[in-house]
Amino acid sequence: MRKNWIAASVATAALCLSGLGLSAGLAEAQSFLRADGTRIVNEEGEPVILRGMGLGGWVLQEGYMLQLGELGQQHVIRARIADLIGEEKTEAFYRAWRANYTTKADIDAMGRWGFNSVRIPLHYDQLTLAADQEPVAGQDTWKEEGFKQIDDLLDWVKANGMYLILDLHAAPGGQGSDLAIADRDPNKPSLWDSAENQRKTVAIWRKLAERYADEPSIGAYDIINEPNWNFEGAEPGNGCNENSNAPLRKLMVDITAAIREVDKRHLVIIEGNCWGNNYRGVMPLWDDNMAISFHKYWNATDRDSIAEFLKLRDENNAPIWLGESGENSNRWFTETIATVENEGVGWAFWPLKKIGFNQPLEITPNAGWPALVAYLTGKGPRPSAAEAERTLMQLANHDILYENNFKHHDVVDAMIRQPHSDVAIPFVERRFGRQGGVIRAADYDLGRSGVAWSDVYDSDTDGPGPRDPWWNTGRTWRNDGVDIAIDAGQPVVAEFETGEWLRYTLTADQAGARPITVVGSGGGRVSVSLNRGTPVEVNLPAGPGWHEVATSALNFQQGTNTLILKVEDCTSCTVKALNIGAVR
């Protein structure tokens, strides 16, 4: 049943995207991107707004993407797994993970949906040995398998007419105090504590640039992800109060020089301190083909929220790029993307998939995963090696594959269509004959807040920290502000509060009067209005179980009709469905 409604609603959304000219990505032959004043342009001088996703979790795992946030770094997760099943089987798990987490099917889907770029977070350890593991100190042992992985991804990206942006997400030693994002081991020298780690970082970029110098489908080199380091202060920190950032500037200048030795054409993207946002002391720019990245999470979505970066753009006459953003609600996505695109600024949201509900693809882990997570995080008993291996290999060989992921087309619609449209469209096709039918309450229309739905709390602008409350308290099915829970395997609208409402678009094969039965509970009062007519109120009984309350007959027109379900007075109602009755 799930596959049927996904297919229908994806088709509906695709028609709307096609109408906007957004579904094909960049279908024509690719050309090199470059900076032209404050714009990113192609070789013909045409502005290009990058619309992309980051492939977080593929080459570099962050604990929170696996419900293992307490473990943090990938090497910590790996060590815990190896303690359970042994090193050989752990390596088999990670090989399967890298083979299946991102495949051509994932990239093909991005192309169909309207994205035109992909940002791959690279881990240095897939390209070369760590400095303390090199057989000869000061030399580099290259890992062809890691470069081949980039080559394969590039082929998939090219087949879809898209751009690939290379992002060094985990530099040798790790580039910040935020350990998980760079898989940093705090017991070893960081990138900033080690001249050898810095030399190796420069060498990695020279090697990448040498390999891809003539490849126009490589959109840019994002040379160090989210530096976050206190250079001046003695206390550990994330570099948000730094004023000179001299070591960061020097390393990025050295990396750029090494790239330019072998590659004169590719756009170089830089990131400031403080997770990519503190550029004090980094300027002026040192190359005429650069873009300035900034990252944006859990804050306001208006123009004022990016004003400092617009100023940085204008002062340096260079493009800016929202290189990473996301982990929020659909409303936040739509408003943020509309804000930056109105300024001619592109974006790459984060991530394409994880175990979680607020990105395009959701991994649904197998039944053994919760128990394994409980053990790994110190909250449950140790499983047998056989049980752990079975769970891990099913996750890596089955659960993470595109075809087994839950497709959140509501997220895609919020990113691609809704920033350009205030039109609501059906979540799934609903056509009723004379006998009527059922609308699930959670299948309200796709569209912006205030157009397709309205909820009291619908996005997070409170800054970093635990998400409390979540915009969708059930954290399932959809990523709007609407609260959704699962009851007997089906989604229901929960915690439905006074003033909140949902819109449904449906098609009737014939005109006529039909009653509407609201299936719900909570002891509150809701209303149903048809085609902007007078709302008809019904009272939902309190008490356990589902209650069915019918309206008087409402006059449906042949063809398109619009229903609004609104809470008139309830602190926490639950609605399962709207049953459309037979023509009277």
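**Packing and local geometry in a predicted model**

Leaving aside neighbours within four places in sequence, Phe 333 is in contact (heavy atoms within 4.5 Å) with Gly 326, Glu 327, Asn 328, Phe 349, Asn 358, Val 411, Ala 414, Met 415 and Asn 479. The model is predicted, so local features need pLDDT of at least 70 and side-chain atom pairs count only at pLDDT 80 or more, while totals for chains, interfaces and linings use all residues. Residues are numbered from 1 along each chain as its sequence is written, and side-chain values use heavy atoms, with hydrogens and water left out.

Phe 333 is placed in helix 10 (residues 330-342); helices (H or I, at least four residues) and strands (E, at least two) are DSSP runs numbered from the N terminus. At 1% relative accessibility, Phe 333 counts as buried, where buried means under 20% relative accessible area, exposed over 50%, and partly exposed in between (1.4 Å probe, protein chains only). Phe 333 and Val 412 are 79 residues apart along the chain, and their C-alpha atoms are separated by 9.7 Å. Val 412 is one of the buried residues of helix 13, among them also Val 411, Ala 414 and Met 415. Eight of the eight residues of helix 13 (residues 409-416) are buried, so this helix is largely enclosed by the rest of the structure.

In soluble globular proteins, nonpolar side chains tend to be buried together.

At the level of the whole protein, there are 13 helices and 27 strands, and 58% of the 584 residues count as buried. For 584 residues, a compact globule would have a radius of gyration near 25 Å, and the 26 Å of the protein agrees with this; the radius is taken over C-alpha atoms, and the globule rule is 2.2 Å times the number of residues to the power 0.38. Of the contacts with a separation of 6 or more, 74% are between residues 24 or more positions apart.

A further buried position is Ile 484, with a relative accessible area of 1%, in strand 17 (residues 484-487). Beyond its neighbours within four places in sequence, the contacts of Ile 484 include Ala 442, Tyr 444, Trp 477, Pro 491 and Val 492. Ile 484 lies 9.4 Å from Ala 441, C-alpha to C-alpha, although 43 residues separate the two in sequence.

Ala 488 lies in the loop between strand 17 and strand 18 (490-496) and is exposed, with a relative accessible area of 78%. Its phi is near 55 degrees, a positive value in a residue other than glycine. Asn 531 likewise has a positive phi, near 50 degrees; this residue is in the loop between strand 22 (525-530) and strand 23 (536-539) and counts as partly exposed at 25% relative accessibility.

Two cis peptide bonds are described here. One runs from Trp 350 to Pro 351, with omega near -20 degrees, and Pro 351 is in the loop between strand 10 (347-350) and strand 11 (353-354). Another runs from Asp 468 to Pro 469, with omega near 5 degrees, and Pro 469 lies in the loop between strand 16 (453-454) and strand 17.
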